[in-house]
Every structure is written in C-alpha cells, then in structure tokens.
Amino acid sequence: ERKVEEPEAPAAGNCPEAEAADGGCAWGVVFHFFLVNVLVMGMLKTFGIFFVAFQEEVGGSSEQISWIGSIMSSLRFLGAPLVAVVCRKLGERPTSIAGAAVVAGGCLLSTQATSVPFLCISMGLLLGMGFACLYQAAAVMTAKRCRTRLAFSNAIARSGMGLTFLIAPFTQLLIDFYGWQGTLLVFGGIMLNLVPSSMLLRPVSTQPPRRPPAQSQHHGGSSAAKKDSETLDRCLDESTHKEIQLRSTQDLPTTEGFTVPHGRDVPAPVNTLERVKKATTSSAETATEAKRSYKPHPGTQAGNAQPLLDFSPLKDPIFYIFTWSFLFCHLAYFVPTFHLVARARTLGISSMDASYLVSVAGITEMVSQLLSGWVADKNWTKKYHYHAAYLVLSGITNLLCPLATTFPLLMTYVVAFAVFCGGFMALVLPVLVDLVGVQNLHSYLGFAAFFAGIAAVGGPPLAGWLYDYTQTYVCSFLFAGACALISPISFFFEPSAQKWKLKKSQPKQQPRAWLR
Amino acid sequence: GASGTSVDTTISLDKAVEVELTCILDKEYSYLKSFQVTWKRGNETISHTNKTDSSWSIKVSVSDSSKLGSYSCTLKGEKQLSGIFHLQVPKIERKEKPTISYLRDTGVMSCECPGYTAISWTWYMTNGSKQIVINESLLADRYVISKKSASITQLKILKLSKEDGGEYWCEATFELGKSEGRLELKVLSFVVPLKPFIAIVVEVVVFIALIVCYEIYSTKVKRTETEKEFDQIEHLKSEDSGLESSEARQRRI
C-alpha cells in the first residue's frame, strides 16, 4: 500500500497539467531557488566581514555583535513554521515577494543603525524572517512544480551555495569603496532582485485540464474524449487515492482549505469526488460545476475549518523519523566545515593551502550534488536509500579524519567528505517529498526546519565547547562522524511507520471501495 | 639571544626596564678557535657583564629615550658574525585602508598598540601641511576622544563635513618616548553609493514590468483557449444528451 505515494511520480507524467508544470515555468522556479540560495547563503556567510566593521564603528563587544549573526541565521530556520502558515494562507508567490521586500527593507534600515540592539532587530530579525519566507516558499514551490526531476532541480538550486565564495571578496571591495553603510545600501538593492524572480513562482496552472468528467461514465463520446477521460481517470484515481489516504489524518480539511482557493494541481478532483458521489447521472452539470469551482471560490470551502497552525506533523511518526535525520545530518555538515581550516592550521598547513582546501571542497560538493540529484531521479531505488548510504559513508570518512595529518591526506579527506556531503544534502528535500507528499510539505518542512534551527543555534557553540574541552579539533570531526552515522538509523523505522499509519487509516477506506 | 651570520631582532619597550641582551654562538660554529666578541652601540663599546664559552651578554638599564637604539654583538675572527638588537618604543599599527564615513554622520577612528600601555594619547589633524593638535577645549562639541581600553584610543568626529576628510595622526606617549600612527578619513556624500543602488532598482523595475506584461499576455491567450474549450464541451454535451435520449428511447422499447 506504500506504493500509493510512488505512482504519483510516473502518473504525473501522464496527467496533462503535470506535464505543463514540468516544462516551461518550472525552470523559472529552479532559477529563483538558485538565486535565493546564492543571495541568502552569501549574506549569511559574509556577515563575518561586516562583523569587523561593526565592531569598529558601531561599538559593542564581540559577543553582542555575534548575536546579530546568530539571530539572522537561526531565524531562517526557526521562523519556518510561521512562514508555512503564511504561505498556506496567501500562497507562495506573495509570501516570497513579501520576504524579498522585508530583506531589502531590513538592509536599508540597517544603514541608519547607530547601536547594536538596533542592528539586532533591523538586520537580525528582519533579514532572518525574510530569509525564512524566501527559502520556504522557494523550496515548496520547487517540490510542487518539478515532480519528476525533483532531486536534480533541487541539486541545481543548491549549487548556488557553491557560488557564495564569490560574494566575500565582492563585499570586501564594496566596504573599501563605500563603507559598511554604502555596502548595506547596495545589498538592499541586490536583494530587491529577488522580487522579480519571486514573480516567476507562478501558481500551477489554474486552467482545468481538458476533460469532461462525465464521459468516463458514458459509452458515447469521441475517441479523443475517451482518451482524455482515461488519463483523467488515472489522474483522478491517483489523486483520489491520495485524498482518501489523507482523509484519515487530520490533514484533509487543510488540504481542501488551501488547495481550492488557489486552484492548484489536484483541487478539482476533491470537489468532483464529492459531486460525483452525489450525481452520477447529471454529468453535464458536474462538468460545468467542476469548471466553475476552479475560479477562486473561497466561499465553497468556507465550511471546512482550517486550523491556523497545523500541528498534525507533530502526530506523525514519519515526521519524527525525518526530523531526527535532518537534525543530525545538518550537525554533521556544519561542524567539519567550521573547523576544517583551523585543523589545517594546527597541522602546520599554510593559510594559502588551507584556502585551497576550502575551494576544492566547495567545487567538489557542487559537482557531487548535481550527480547525486541526477542519479536519484533515475528512481533505481528509493531516494532515502541513497540518502542513508551517503550519510553512512560520510560518517565513516569523518571518523577516519583524525588519521589525515598531512596535506595530501587532508585533501583526500576533503574530497571524500565533499562528495558524500553533497550527495546527502541534495537529497534532503526529495526524501521529505517522498515521505509525506507535496500537499503537506509546508507544515512538515516548517516544523522540520524549526527543529533543525534549534540544532543550528546549538551547533557552533557546541563545536567551540568541544574544542575548548579537548584542546584539539579532532573531536569535532569524530562528533560529526557520529552524528552522520546516527542520522540514518531512523530510516530503518520508516517501513514500519508507514504500516502503522495505514493501519490507522484502515476504517476510513470504505469510500474508496464505494467509488470503485 | 642571536646567533648566525647576521641576525636582527626588535624589542619593544613601553616602560623603563633593565634588559639583558645575550648573543649565543650556534653549535655549527663551535670549530672557530681564535676570535673576539665585542658589544657596541654605534661607536661606543660596552663591556660584557657575563661571559661563557659560547655566549656573551650585556645588561642595559633603559631609563630614558637616550638608551634606546641598536645594540650589536660582533664576532671577529676567521668569520664575521653579528647580531643586532633594536630597542625601541612600541609601534602603533598602521591602517592602510582609509576609514569611510558619510556627511553629517559620525566618523570613528581608532588607534591601537596591542599589549602595551600608553601614558597618554594625542590626536593631530593635518590642515594643509601643518599638524594641529585636537584639543578638547578647542572643538569640544565636535570631537570626542575616548580611551576604549589600556591600549586603544578612539576619536569620534560628529557631524562630518567635507573638510574633515584627510590625514590624522594619533600619538602615544610612553615613558621612553613617543610613537605615531597615521590614519586617513574619507568623507563621502550619500549620493555616492546611491548611484549603484538606483541603477539596481531601475533594473529590478524593468524586470518586474517585463514579467507582469508577459503574464497579462499569457492569461489573455489562455482565456481565449478556455473559451474555445467551453464551446467544445458544450458541443459534446449536446451530443451526449442526444445520445442519452436515443439510448433511453431504445431501452424503453
């Protein structure tokens, strides 16, 4: 019964609307996500350069100023559940545009800053929330639009992070020319570029797929109509299977609630489901009603109570499985990247060579992400198998890192680490989509990001504490290796969790039999 | 201590102390037999205070600036070896890049001599070719000199104007002398970074306009298509109802 999730992928190719989604505007979405990655990650990484300027001119101790950076990067994760709610109410495109506007506004406001608390709010809070909006909207939209090639598109978008190394020298140049205030002004302008690119996040086509649903029940009708009805049947079936599955959880009110007003991918079948149940003979009326239901009609679904903050992911074991792995794989990713250069220095490697290591790591990771995404999309096996494999290999690599004491060995470690890291980071979003489907992606991703944010906040201080306690960077790598090995353990529980979920939904399966 | 052919080292002193300078002969030169080691400062020879087979030391009591300078120990024999000690006041870190501030804003400049404590700091402003002391009483409303810590001093200039740009000097007074650092302040008008900003905003607006136009165009196209489809479906509907009635008639029969 697990396979209900999967047929959506091949069936998506048959549904006419999904085909339209995969071509054309899907590239716009991937491009926007790519841009978001470049700018958001670039801003977060170059905060260190602003740090120096702030310390000199605005005053305040290092701790106070590093709060700004922490607030900025942690709010990006912690703000995700809130953003998920906003996205569901307003839609991704308005949320993304609002996020871009907030980020640009925050940058501009920061130019007037005179004290650290001011900067904490203008730069930390505003930018953090803006980033969360942008990221969540872009990620979910990518998942919605690129059904068949999600892993590869996700990898392309994530490769934007690899380009962030260009932003650091650029920022330094700007600061030399214009001072930190001028630089923030220019950055505000650059962030405004995300507004037109957010406009590329068009909602999935509001046009009803050409189909007279009534035809499926009549022998008459042209052959073209028949073919349409067959494909529609499949579309309907897949979506109805999904809808029925969802009925058993509490998600249905929310999915109905949010899909219909936006006329997204599978809203109409939900309506048709109810209507087909009632009137099988008055097919013509059904057709026109269904058509009319596509026009944004908040009134029709006003009856369904939509919980403002959807807590259903917290009751789902799949969510805990995913979050467990998400948390640990983020820790396993961040800690070595923090301490790589420091470790190289303690081994006596010059800073020039250390920066080579960093560049090699960045480029290898980019390439490996693309490759991993492409391979995963071939669907030779479930995506989370790849994910778990990369995690295990990365864990082993990290555990072997203490043996790397010379430059060539450290370079080998860096290449291996980058390959496996790129591999598993590229698959995080596709794995989540596989596990929970696209409809609930907002709530699940929101909460998962929230928990990951807690890890992100605790990660750097924890790594620093490890170093202070053991006076060597070796422990950070061992810790990262352990995290990477712990992370895929939860996936072993995935099949049993799915069975448990289906058993819970067993009594409600009757409508399906009835429909058949 | 120093050893080898000719070695240089710098020692920074901020207070009056007594230093012992030692020259140690490296093991690789232990084969040298007849030689003579002399300690000199300029032309003046200083007598050893301590002497062993391979090391020679002198003690210098640095009580004022006259005792600062270069002390050298020279080995004359088969080979000529020397080691030089430079005793001086701590140097202030120089800033290569100018500090950038904006008109009517506050300009902040700071000087630091890490690890040493200065007795007092003085700031100078360069007007033309003259150096003018920035006296607190002179321009108390616009200049604020503050001691951030034992080794850092900060000059804040409020309400900057174009004339405030230029060279500034910070001078640290130690027991044994003075040390200077040079800074540059650049005052920019707000318009300077505004130009690239406006250029970017214009580009953004152009993109937004393009996308909006494209969307309006494509929704128009889609609307005509859906109208055509509705017509098709209506047509099929009528066919259907025709079929239905014929079937119904057949059944009744």
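Select B:E215 and A:R93 to begin: B:E215 is buried, and A:R93 is buried as well (buried means under 20% relative accessible area, exposed over 50%, and partly exposed in between, with a 1.4 Å probe and protein chains only). The side chains of these two residues meet in a salt bridge, 3.1 Å from N to O. A salt bridge is a side-chain nitrogen of Lys or Arg within 4 Å of a carboxyl oxygen of Asp or Glu. B:E215 belongs to helix α1 (residues 191-252) of chain B and A:R93 to helix α7 of chain A, so the pair joins two chains. Helices (H or I, at least four residues) and strands (E, at least two) are DSSP runs, numbered from the N terminus.

The model on display is predicted: local features need pLDDT of at least 70, side-chain atom pairs count only at pLDDT 80 or more, and totals for chains, interfaces and linings use all residues. Residues are numbered from 1 along each chain as its sequence is written, chains are lettered from A and ligands numbered from 1 in the order in which they are written, and side-chain values use heavy atoms, with hydrogens and water left out.

Next, select A:D176 and B:K97. Their side chains also form a salt bridge, at 3.7 Å from N to O. This pair crosses between chains, from helix α10 (residues 167-192) of chain A, which holds A:D176, to the loop between β8 (80-88) and β9 (99-102) of chain B, which holds B:K97. Are these residues buried or exposed? A:D176 is partly exposed, with a relative accessible area of 29%; B:K97 is partly exposed too, at 47%.

Now display the whole interface of chain B and chain A. The rule finds two salt bridges across this interface. The contact (heavy atoms within 4.5 Å) takes 39 residues from chain B and 37 residues from chain A. About 3,300 Å² is buried between the two chains, and carbon and sulfur atoms give 61% of that area. Buried area is the accessible area (1.4 Å probe) that two parts lose on being put together, summed over both. On the side of chain B that touches chain A, β9 and α1 of chain B each supply at least two residues. Helix α1(B) gives the most to that side, with 28 residues.

Move to chain A and select A:E92 with A:K144. These residues form a salt bridge whose closest N and O atoms are 3.3 Å apart. The pair links distant parts of the chain, 52 residues apart: A:E92 is in helix α7 (residues 92-110) and A:K144 in helix α8 (residues 116-145). Both A:E92 and A:K144 are buried. Over all chains, the structure holds six salt bridges.

Return to chain B and colour its open sheet of three strands, which has the order β10-β14-β13 with antiparallel pairing. Strands β10 (107-112) and β13 (143-149) stand at the edges with a single partner strand each, so one side of each is left without a neighbour in the sheet. Two strands pair if DSSP finds at least two bridges between them. β13(B) pairs with strand β14 (residues 152-157) over six bridges in the antiparallel sense. Select B:S149 to find its bridge partner in β14(B), B:I152.

Finish at B:S57, in strand β6 (residues 55-62) of chain B. B:S57 is buried, with a relative accessible area of 5%. Leaving aside neighbours within four places in sequence, B:S57 has contacts that include B:W39, B:H48 and B:E20.
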